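Q: Could you take a close look at the salt bridges in this chain and walk me through them?

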Amino acid sequence: MSAHRFEMIPSAPFDFERMTKRLQGVSHEMFRYEDGALVRTLRIADKVYLVGMRSTGNAEEPSLDIQVNAEHEIKPSDLEEVEARLRTMLTADVDLKSFYAHLEGDPVLSKVTADHYGLRFILEADLFECMTKTIIGQQVNLTFASTLNRRLVEAASKPLEINGTLYPVFPSAQEVAALTYEQLREQQFSQRKAEYVIDFARSVAEGTLDLETLRLKEDEDIINQLVKIRGIGRWTVECFLLFGMGRPNLLPAADIGLRNAIRKNYGLDVQPGEPFVREMGASWSPWCSYVTFYLWESLNQKTNVSTII
DNA sequence: GGCCAGGCTAGCA
DNA sequence: TGCTAGCATGGC
């Protein structure tokens with residue numbers, strides 16, 4: 001057992017409270033709150049850590065106090081890897097000021113960004129976890145998807161014990177690959193969902209599919225490659241690119257939430273169609289993902305409905 | 001009780 | 001190539 005802590009400085013603006021507020025709305029299967037710190041386990045190169053993040057700054061001068069615990073000895077190189085992973089997850093190095101500057105000529109979107117100043121994506125912890133959760137989230141409501149996620153975690157992996165408390169660890173591809181369809185059927189997965197999740201994990205575990213090398217490819221190339229896999233469609237890959245890889249310029253023009261948000265913010269009488277969204281989105285490039293994210297958030301302003309994370 | 005939920009596949013015309 | 005039933009369950 002070992003414990004370390006360090007300070008992490010994201011680029012400004014960075015509003016940690018605003019970012020994590022979205023996680024508090026629903027019972028999340030991976031994140032917890034402990035004494036104001038956002039806590040979850042991370043798997044990095046076959047080592048598992050418990051990481052706690054607490055804000056000690058503000059949006060203009062952001063600073064995070066990071067606490068790291070593990071059952072194994074933590075080396076300085078491990079801490080560097082943890083910080084690198086957290087910076088990616090928290091999109092801490094994205095140049096939000098350029099994004100805001102890009103929208104200066106658009107009064108509607110400028111107001112939306114001002115209302116959510118300092119908001120950044122919190123990405124999924126890794127690509128395998130992201131794709132697995134997205135497949136599980138297909139078609140079913142978010143509450144049920146969360147239940148299925150939790151059951152998958154409980155069925156496939158051992159929790160991490162720190163100071164007498166058990167923390168769920170998202171299973172590795174190998175652990176999910178070792179499950180049988182029947183095991184997930186018992187957890188109320190449909191036959192198809194069980195097959196999609198396990199077959200995907202097996203292709204990753206066997207090395208047929210290398211998720212990390214996908215990072216070298218363009219969005220459209222990744223979409224074309226992954227939709228060939230049974231159980232993975234365009235929507236699923238777009239979620240993967242957004243919440244797994246943090247690609248900044250994705251426009252999910254068919255998304256109902258995005259279309260509703262455009263209708264609301266621009267005061268349109270009817271929900272705009274996909275071609276209209278593409279037309280509008282042309283001027284958002286190279287920040288389409290961020291405009292989409294902020295528009296989604298503008299829908300949640302009153303209802304506080306959580307989105308995928 | 002019926003309909004929908006941030007889809008996708010398989011089967012059919 | 002394009003359309004649609006079926007999937008499984010929870011929430012409203």
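A: Start with E175, which is partly exposed at 27% relative accessibility (buried is under 20% relative accessible area, exposed over 50%, partly exposed in between, with a 1.4 Å probe and protein chains only). E175 pairs up with R43 in a salt bridge, N to O at 3.2 Å; the term means a side-chain nitrogen of Lys or Arg within 4 Å of a carboxyl oxygen of Asp or Glu. Helices (H or I, at least four residues) and strands (E, at least two) are DSSP runs, numbered from the N terminus.

A word on ground rules: this is a predicted model, where local features need pLDDT of at least 70, side-chain atom pairs count only at pLDDT 80 or more, and totals for chains, interfaces and linings use all residues. Residues are numbered from 1 along each chain as its sequence is written, chains are lettered from A and ligands numbered from 1 in the order in which they are written, and side-chain values use heavy atoms, with hydrogens and water left out.

Next up is K47 with D78, closest N and O atoms 3.0 Å apart. K47 sits in strand 4 (residues 47-55) and D78 in helix 2 (residues 76-89), so this bridge ties together parts 31 residues apart in sequence. K47 is partly exposed at 27% relative accessibility, while D78 is buried at 2%. Elsewhere, R40, E124, E129 and K133 form one network through salt bridges that share partners.

Then there's D65 with R5, at 2.7 Å between the closest N and O atoms.
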